[in-house]
Amino acid sequence: MADEKVQRLGRDSALRDFLRSEAAGGILLMFAAALAMIVANSPLYDMYHHFLHELKGPTLSSKLGPMTPHLWINDGLMAVFFFLVGLEIKREFVDGRLNTWERRRLPVLAAAAGMVVPAVIYLFIVKDVPALYNGWAIPAATDIAFAIGVLALLGSRAPASLKLFLVTVAIVDDMGAVAIIALVYTAEINGAALLASAVILAIMYTMNRNGVLKLWPYIILSIILWYAVLMSGVHATIAGVLAALCIPIIVTPTSPDAQNSPLHIMEHGIAPWSAFLIVPVFGFANAGVSLEGLGMDQIFAPLPLGIAAGLFFGKQIGIFASVWIAVKTGFAGRLGGATWLQVYGVAMLCGIGFTMSLFIGALAFPGNELLIEEAKIGVLMGSLLSAVVGFLILRFAPQGGHLDSMEDEQELKVTL
C-alpha cells in the first residue's frame, strides 16, 4: 500500500503538467505582450501592422474575406487553443476535480459571479453610449495562462489549494466565454454549413460511442468541422471546443493519466504548443497598441474605463464575495491552507482577462478599428492593475495554516 501511494505521488497528472506549462507559458505571454507594445510604439509599427492586416491570402469565407495573418491567428491558431480548452473542460468534468457537484459548486458559483458583476459594472459605465453595449462580455473573461504565470512568480507563497481554485474557476469561466461567443457574437448563419457541422459532430459522437480510440479520424474530422463552422457564420474557434468534447476519454479514478486515453494523449501533445506558441503569438498579434497621441480623454473614455473597471473591480468583488458568502452559509468549505487575504489576492488575479478579453473585444466591434483599439487599452489597463495588485497582496499576505491532515496534503500532491 505504501509503495502504491508513493507511485501515485510520483506520477505526473495532466493537471500538474497543465500548471507547469501554463505557468511557463504565462510568463512567455507577458513577454510577448510587452514586446508587442514596444513594437507598436516604435518605428517598426508600420511593418507590424502591414504584416498582420495587409498581407492577403486565400478567401475561405466571403464573410471574412481574404485571410490575413491576423485572421489565421485569431480564427485558425486560436481554434487549436479552444480545442485544448474543450479537452480540459471535459477531463475536469469527467475525470478530474469537477467530476462531482460537491466539487463543482464553489468554482461554478465563483465563476458565474465573476462574469456577472464585471458585466454589470461595464454596462453601468457605458450606459449613455448604446453603441458600446455589445462589449459587455469583454471584462467577464479570465486569462488562465497569465494568472498562473503570476502565481508561478510567487513560488511557495501561493498555497496549492489557491492554484487549484484558480484553475477550476478559470475552466468554468472558459465555458461561459465559449457559450457567450457562440450565442452572442454570431451574426448571419449559413444553414447548409451549420447542418454540415452538425452531421460531422454526429459522426464524431457516434465514433466515440462505438469505441473508436484511434486519433487520426478525429483529427481529420476536426479540421473539416473547423471549416464548416467557419463557413456557417459561427466563430470558427467554437469548432475546437465542440470537437474536443467528442474525443474519447478513459476514466482512471486514481490518476488522470491513462496512457491509452485519446483525450489525455491529445491534451499532453497540444498543451506545449498552445502554451509556448499559440497563446504568445496571439498576444503579440493582438496586444500591440500605439500610445502615440494618447491622452487622458482616450484612457478614461467609456469603453476602456468600463472594461478596466469591470476587470479590476468586478472580478474581485464577484469572486471574493461569492466565496465568502458560500463559506459563511455552509454552501462550500474553506480553501485548505489559505487565509482570506490570500483568497482575495487570487480573486484579484482573476481580473487578468488578457487573451480571452482581447479575443472577445475583436468580436464585439467587428470592423471598427477605433473601438477595438480602445478595448485593447481597457483590457491592458485592467489586466495589468489586477496582476500587479494581486501579486503584491499574495506576496506580502501572511501565510495560512497547515492543511488539516496529511491526507489532504497528499491529495493535493497527487492532483497538482
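Me: How do H13 and H16 run relative to each other, roughly parallel or roughly antiparallel?
Reply: Roughly parallel (angles under 35 degrees; over 145 would be roughly antiparallel). Helices are DSSP runs of H or I, at least four residues, numbered from the N terminus. This is a predicted model, where local features need pLDDT of at least 70, side-chain atom pairs count only at pLDDT 80 or more, and totals for chains, interfaces and linings use all residues. Numbering starts from 1 along each chain as its sequence is written, and side-chain values use heavy atoms, without hydrogens or water.

Me: What angle and axis distance for H13 and H16?
Reply: About 30°, with the axes 7 Å apart. H13 covers residues 302-328 and H16 covers 369-396. Axes are lines fitted to C-alpha atoms over the stretch in contact, and angles run from 0 to 180 degrees between N-to-C directions.

Me: Which residues of H13 make the contact?
Reply: Leu-303, Pro-304, Ile-307, Ala-308, Leu-311 and Phe-312. H16 answers with residues including Gly-378, Gly-382 and Val-389. Contact means heavy atoms within 4.5 Å.

Me: New topic. What volume has the largest pocket?
Reply: About 910 Å³, counted as space filled by probe spheres set on the grid points, which join across faces, edges and corners. A pocket is an open set of points on a 1 Å grid over the protein atoms alone, where a 1.4 Å probe fits, with protein on both sides within 12 Å along at least five of seven lines.

Me: How many residues line the largest pocket?
Reply: 39, with Leu-64, Leu-71, Ala-362, Pro-366 and Gly-367 nearest its centre. Lining means an atom within 4 Å of a point. H3 gives the largest share, 5 residues.

Conventions. Helix = DSSP H or I, 4+ residues; strand = E, 2+ residues; numbered from the N terminus. Parallel < 35°, antiparallel > 145°, perpendicular 65-115°, else oblique.
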